[in-house]
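Look at the sequence and the model below. The paragraphs that follow start with a term needed for reading it and then go from the whole chain to single residues.

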Amino acid sequence: MSDMNTKRQALVTGGNKGIGLAIAKALAEADFFVWIGARDKHRGEQAVATLQKAGLDVGLLELDVALEESVYHAAAELSTHISSLDVLVNNAGIAVDMTKAPSEVRMADMKAVYEVNLFGPVRVTQAFLPLLKAANQARIVMMSSGVGSLTLITDPTSIYSTVNLLDYTSSKVALNAVTVSFAKELEPFGIKVNAVEPGHVRTDLNGNTGVLTPEEGAAIAVKMAMLGPDGPTGGFFGSHGRQPW
């Protein structure tokens with residue numbers, strides 16, 4: 001880890017498992033020093049140890065995206081280690097109860113989902129913005145979902161129209177709007193902000209019922225994290241290219 005400061009720096013929230021861990025691994029393999037944001041220190045340390053055993057440069061940043069104090073403490077902590085951040089992947093996300101009809105969703109559960117899936121990426125982006133602006137053309141990736149597309153969830157031929165999750169779906173639709181807002185503000189700084197959907201990936205979130213591996217799901221996020229200067233900003237992308245809003 002001696003060359004930590006000479007490498008490009010990346011932070012992946014919720015990076016200790018699933019798609020987040022796969023993104024962290026892929027970025028480290030692409031020669032980034034990757035900070036794994038994890039709210040659970042023990043699980044974060046396990047993920048870091050796994051990647052370090054594979055010879056990758058990674059570190060742990062304790063970070064609970066749902067807690068303002070935790071996020072700003074993490075940003076201050078990271079600032080003592082690095083002077084700029086090249087990539088931020090807002091990957092952390094939750095689903096509380098995927099069995100309830102919209103009319104039965106508890107408001108407390110909906111607020112909990114929004115705290116992580118929507119307000120989390122906003123507060124993390126705001127807190128780490130000074131480090132991102134200090135980098136040369138930083139990249140921000142928002143981990144959205146196919147259900148974040150109003151076009152797809154109303155298209156009877158799309159798999160995404162077959163689920164009706166009030167809290168999770170609406171949090172991702174809102175996240176797509178947040179992506180556009182940040183993209184507009186940050187474009188003059190050369191910072192590109194895009195939302196991605198990983199496809200139907202086997203993760204803890206869906207009880208491992210998906211069809212893609214976490215590595216396959218991570219690919220589009222990694223691609224958007226490493227966009228060149230001519231790449232798009234303010235868009236929504238999946239493995240097959242640009243997705244409809």
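A residue counts as buried when its relative accessible area is under 20%, as exposed when that area is over 50%, and as partly exposed in between. Gln137 has a relative accessible area of 35%, so Gln137 is partly exposed. Note that the model is predicted.

Gln137 lies in the loop between H5 and E5. Its backbone is also worth a look. Most residues other than glycine have a negative phi. Gln137 is not a glycine, yet its phi is positive, at about 60°. Asp31 is another residue other than glycine with a positive phi, in this case near 80°. Asp31 sits in the loop between helix H1 (18–29) and E2. With a relative accessible area of 47%, Asp31 is partly exposed.

Now take the chain as a whole. It contains eight helices and eight strands. Along the principal axes, the C-alpha atoms fill a box of roughly 50 × 40 × 35 Å. Buried residues make up 51% of the 245. Of the contacts with a separation of 6 or more, 71% are between residues 24 or more positions apart.

What lies inside? In soluble globular proteins, nonpolar side chains tend to be buried together. The largest nonpolar core here has 38 residues, and the members that touch the most others are Leu85, Phe128 and Leu132. Several elements give two or more residues to this core, including strand E2 (32–38), helix H3 (68–79), helix H7 (166–186) and strand E6 (192–196). H5 gives the most, with six residues. Leaving aside neighbours within four places in sequence, Leu85 is in contact with residues that include Gln9, Leu11, Leu78, Phe128, Leu132 and Ala138. Apart from this core lies another, of 30 residues, with Val12, Phe32, Ala47 and Val141 among them.

Next, look at how two helices meet. Two packed helices are described by the angle between their axes and the distance between the axes. For helix H4 (residues 107–117) and helix H5 (residues 119–134), the angle is about 30° and the axes are 3 Å apart. Angles under 35 degrees count as roughly parallel, so H4 is roughly parallel to H5. On the H4 side, the contact is made by Tyr114, Glu115, Val116 and Asn117, and on the H5 side by Phe119, Gly120, Pro121 and Arg123. By class, four of these residues are nonpolar, two are polar and two are charged. The buried residues of H4 are Asp109, Met110, Val113, Tyr114, Val116 and Asn117. H5 and H7 are among what covers them.

Finally, find Phe236, which belongs to strand E7 (residues 236–238). Is Phe236 buried or exposed? Its relative accessible area is 0%, so Phe236 is buried. Which residues is Phe236 in contact with, leaving aside its neighbours within four places in sequence? Among them are Ser144, Ser149, Asn176, Ala195, Val196, Arg242 and Trp245. Phe236 and Ser144 are 92 residues apart along the chain, while their C-alpha atoms are separated by 8.4 Å.

How values were computed. Residues numbered from 1 in each chain as written. Predicted model: local features only at pLDDT ≥ 70, side-chain atom pairs only at ≥ 80, totals over all residues. Heavy atoms only, no water. Axes fitted to C-alpha atoms, helices over the stretch in contact; angles between N-to-C directions. Helix = DSSP H or I, 4+ residues; strand = E, 2+ residues; numbered from the N terminus. Parallel < 35°, antiparallel > 145°, perpendicular 65-115°, else oblique. Contact = heavy atoms within 4.5 Å. Nonpolar A, V, L, I, M, F, W, Y, C, P; charged D, E, K, R; others polar. Core = buried A, V, L, I, M, F, W, Y, C linked by side-chain atoms within 4.5 Å. Buried < 20%, exposed > 50% of the residue type's maximum accessible area, 1.4 Å probe, protein only.
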